[in-house]
Amino acid sequence: MNLSTKILIGLALGIIAGLQLGAEGTAFAKTYIGPLGTIFMNMIKMVIVPLVFSSLVIGCTALGDIKKVGRIGVKTVALYLLTTAFAIVIGLAFGTMFQPGAGMSMAGVNAKVAAKAAPPLMKVITDIFPTNPLEAMVKANMLQIIVFSLFVGCGITAVGEKADYFKHAIDGLAEVCYKIVGFIMTLAPLGVFGLITPVVAANGPAVLLPLLKVILAVYLACLVHAVVVYGSLVKIAGFSLSEFVKGVAPASLMAFSSCSSGGTLPLTMTCARKLGVSKEISSFVLPLGATINMDGTAAYQGVCALFIAQVYGIELTGAQYFTIIVTGTLASIGTAGVPGAGFIMLTMILTALGLPLEASALIAGIDRILDMPRTSVNVTGDVCVSLLVDKTETK
């Protein structure tokens with residue numbers, strides 16, 4: 001039985017237990033079942049900072065010699081980040097349109113959670129750059145950690161051979177973090193059970209209905225992103241949307257069923273080459289995309305971040321929307337190759353916004369359903385960008 005199935009079972013058992021306990025059993029649920037969820041979330045928080053720092057640094061250094069990679073690397077990364085930013089904006093638009101968490105009362109929680117005072121936009125941009133990176137790590141300031149990691153990664157690449165020892169040490173830290181995340185995610189079914197049971201016991205069946213809106217919003221956001229954004233890019237590359245869809249369909253469908261960009265990579269490369277992408281371009285762009293391109297996941301982040309803010313009755317400001325876009329875009333590199341990357345990205349965005357992480361248990365329970373469209377969109381985006389880069393290089 002795979003992890004996603006176990007998480008779904010944990011969610012189902014938590015819902016059943018919460019409904020059985022009811023309002024009278026809320027105290028029991030919070031005292032004896034809730035700690036399972038608290039321990040799980042504490043472990044997730046424990047690994048976020050070292051994971052983001054190490055994986056993002058290694059993601060930068062994986063590009064190799066900046067001069068050698070040259071314009072192909074710059075164009076590829078820029079296109080991936082640009083499409084990811086568009087995907088988050090589309091996700092936020094659908095989250096605003098559907099309002100999945102509006103009117104959903106979390107008993108005893110709303111009173112404890114208040115929105116942070118919104119700083120001016122320019123202050124948000126200024127505060128992205130840390131004066132003390134260690135302080136940023138201690139306080140889990142995600143935006144500052146991401147910026148510092150990018151500088152370290154670029155610095156290692158620029159120094160070259162002399163920084164190999166430092167690079168290998170950070171690479172080792174990244175691998176250790178991946179393993180720790182793997183260990184933690186094996187406990188996700190228990191964690192989800194512990195998080196959802198007190199919520200359902202306190203709130204009753206009304207807490208379940210908004211999840212249908214979340215699923216619908218994520219699926220529509222992924223579809224619109226694929227049609228509008230990718231449709232526009234493939235036209236620039238000289239392909240019609242129908243021609244592109246027909247060519248990429250095998251990889252997209254495999255990604256939809258397997259929920260693995262890496263596992264689909266060989267088929268993705270075959271589809272790209274059949275569409276006319278050169279071996280040199282596909283060999284560079286597609287493996288990189290399988291690592292850092294997370295457009296579908298980004299759309300999911302936009303919907304889920306708004307859902308959780310709405311659940312807690314928090315009205316997000318323009319600066320906080322900007323934070324979601326920047327954090328989600330750069331975090332797509334920072335969580336590359338991590339098991340449960342979508343869930344980790346969501347916790348990063350919630351941490352950056354100062355939102356409670358507990359409501360993410362609701363999302364974790366339906367994560368498998370949401371993972372299928374977002375992985376399919378990720379793979380489709382990889383092929384789309386490879387077509388565009390190949391077209392510009394041919395010119």
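Just after helix 6, Gly-160 takes a positive phi of about 85 degrees. Bear in mind that this is a predicted model.

Q: What makes the span of helix 6 agree with its number of residues?
A: Helix 6 covers residues 142-159, which is 18 residues, and at 1.5 Å a residue it should span 26 Å. Its end C-alpha atoms are 26 Å apart, so the two values agree.

Q: Which residues of helix 6 are buried?
A: Quite a list: among them are Met-142, Ile-145, Ile-146, Val-152 and Ile-156. Gly-153 and Thr-157 are buried too.

Q: Why is the pair of Phe-28 and Tyr-32 called tilted?
A: The ring centres are 5.2 Å apart, and pairing needs centres within 6.5 Å. The planes stand at 40 degrees; under 30 would count as stacked and over 60 as edge-to-face, so the pair is tilted. Both residues lie in helix 2, four residues apart, about one turn of the helix.

Q: Why is Phe-28 called partly exposed, and why is Tyr-32 called exposed?
A: The cut-off for exposed is over 50% relative accessible area, and buried means under 20%. Phe-28 has 44% relative accessibility, so it counts as partly exposed. Tyr-32 has 58%, so Tyr-32 counts as exposed.

Q: How do you know that the charged end of Arg-374 sits over the ring of Tyr-300?
A: That charged end is 4.1 Å from the ring centre, and the distance limit is within 6 Å, alongside a condition on the angle to the ring normal.

Note on methods. Residues numbered from 1 in each chain as written. Predicted model: local features only at pLDDT ≥ 70, side-chain atom pairs only at ≥ 80, totals over all residues. Heavy atoms only, no water. Helix = DSSP H or I, 4+ residues; strand = E, 2+ residues; numbered from the N terminus. Expected span 1.5 Å × (residues − 1). Buried < 20%, exposed > 50% of the residue type's maximum accessible area, 1.4 Å probe, protein only. Phe/Tyr/Trp six-rings, centres within 6.5 Å; stacked < 30°, edge-to-face > 60°. Lys NZ or Arg CZ within 6 Å of the ring centre and 35° of its normal.
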